[in-house]
Amino acid sequence: MSLITELPAIFDQFSQARQKGFVTVMDLKEQGIPLVGTYCTFMPQEIPMAAGAVVVSLCSTSDETIEEAEKDLPRNLCPLIKSSYGFGKTDKCPYFYFSDLVVGETTCDGKKKMYEYMADFKPVHVMQLPNSTADAASRALWKAEIHRLKEAVEQQFGVPVTEQALREAIVLKNQERRATANFYRVGQLNPPALSGMDILKVVYGATFRFDKKALINELNDMAERARQDWQDGKRLEARPRILITGCPIGGAAEKVVRAIEENGGWVVGFENCTGAKATERCVEETGDMYDALTDKYLAIGCSCISPNDQRLKLLSEMVEEYQADGVVDVILQACHTYAVESLAIKRHVRDNHHIPYIAIETDYSTSDLGQLSTRVAAFIEML
Ligand code: SF4
Ligand code: SF4
């Protein structure tokens, strides 16, 4: 079969991975394998992995349960929090239903307060994230929190997190990160080999593939084939190249990527937690493992951290590496930290890279599709 017919079919399989993964998770549960749910890339997945658990992202990306969530939570709250709480409360998300433990973290105010209510119907362990990452006290706090997570996981599952198991989990998770980055860096090719929608399908879908060794092979295989295809001259047409930053996307928020690509641009890179923010940096495989985990996770440039120079640094690297012509900052409605930080991002992009920037505030509904399309079209036209 030729590459042209094969790769898109594989990308579609990845986009269905979330639905298909439900069955896999049921099988895992029948085999007695514990499931740990998470809502944030700060959660050191290596710890539950070392206890033999499978980790799944529970961040919900549809507005289906927001009405139900609003019975308990304020309306003026980020859709990611409302949707995630709503899916948990109504038992509509099989991943949540099957999770033996949810690990939360004190990132933004809305999320950390939501966990207090979630604990009424699910075992929840909350990690205390420092507000800053630069000083010794913050670092010591996060390291202690990683140890506290280890104890909570051991107690929950009755399995010790041994040094050897943790080291193996670090190596495996690093391999997954490198394979994911190897795939999304195909976006650096100019003109592009793949659309942003295809990259997103794979990167988002990959989080619902639980056989990590198979996933690593698939990601590397797809990256190699896409690069070969490009070498052979099968390329997309040249268009303005867009770098996405801001809140996590996927599911309903894919509408921003679709709007960009339907209006004459290509999304070539994702700096947010759906892409590079969580993935670029690996965990050191030598030395003290808890120090290494502390360093890796505190290097995540989330707007909940102040100051957040790490986001600017990664953004700068990506603007250059992906040859971006413009930056689109996606802000989920009522996400105060990303909304406030948008001014710093705008200044940074304009002053240091001299390329246009636009902030787009959106939610999980379809009500802003027309306005979104108009704004994105005007932005791309000026590139
Ligand atoms: S944007 Fe911040 S709070 Fe949200 S998943 Fe990423 S690190 Fe966590
Ligand atoms: S998008 Fe913003 S408000 Fe929503 S959970 Fe993430 S950091 Fe919190």
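Which residue forms a salt bridge with E46, and how far apart are the closest N and O atoms? Bear in mind that this is a predicted model, and select E46 together with R177: R177 is the partner, and the closest N and O atoms of the pair are 3.0 Å apart.

Now colour the chain by its domain assignment, with domain 1 covering 11-161 and domain 2 covering 166-381. The contact draws 50 residues from domain 1 and 48 residues from domain 2, while the domain centres, taken over C-alpha atoms, are separated by 21 Å.

Switch to polar interactions across the same interface, where 5 salt bridges are found between domain 1 and domain 2 and 10 residue pairs are in polar contact. Helix 8 (136-157) is among the elements on the domain 1 side, and with 7 residues helix 8 gives the most to the side that touches domain 2. That side of domain 1 divides into 25 nonpolar, 18 polar and 7 charged residues.

Finally, centre on ligand 2 and display C78, I81, C108, K111, C247, L332 and C335, which surround it. This shell comprises 6 nonpolar residues, no polar ones and 1 charged. Both domain 1 and domain 2 give residues to the shell, so ligand 2 lies between them.

Key: Residues are numbered from 1 along each chain as its sequence is written. Chains are lettered from A and ligands numbered from 1 in the order in which they are written. This is a predicted model: local features need pLDDT of at least 70, side-chain atom pairs count only at pLDDT 80 or more; totals for chains, interfaces and linings use all residues. Side-chain values use heavy atoms; hydrogens and water are left out. A residue is near a molecule or strand if one of its heavy atoms lies within 4 Å of it. Ala, Val, Leu, Ile, Met, Phe, Trp, Tyr, Cys and Pro count as nonpolar, Asp, Glu, Lys and Arg as charged, and the others, Gly among them, as polar. Domain bounds come from an automatic or database domain assignment. Contact means heavy atoms within 4.5 Å. A salt bridge is a side-chain nitrogen of Lys or Arg within 4 Å of a carboxyl oxygen of Asp or Glu. A polar contact is a pair of N or O atoms within 3.5 Å; within protein, one must be able to donate a hydrogen and the other to accept it, and residues adjacent in sequence count only if both atoms are side-chain atoms. Helices (H or I, at least four residues) and strands (E, at least two) are DSSP runs, numbered from the N terminus.
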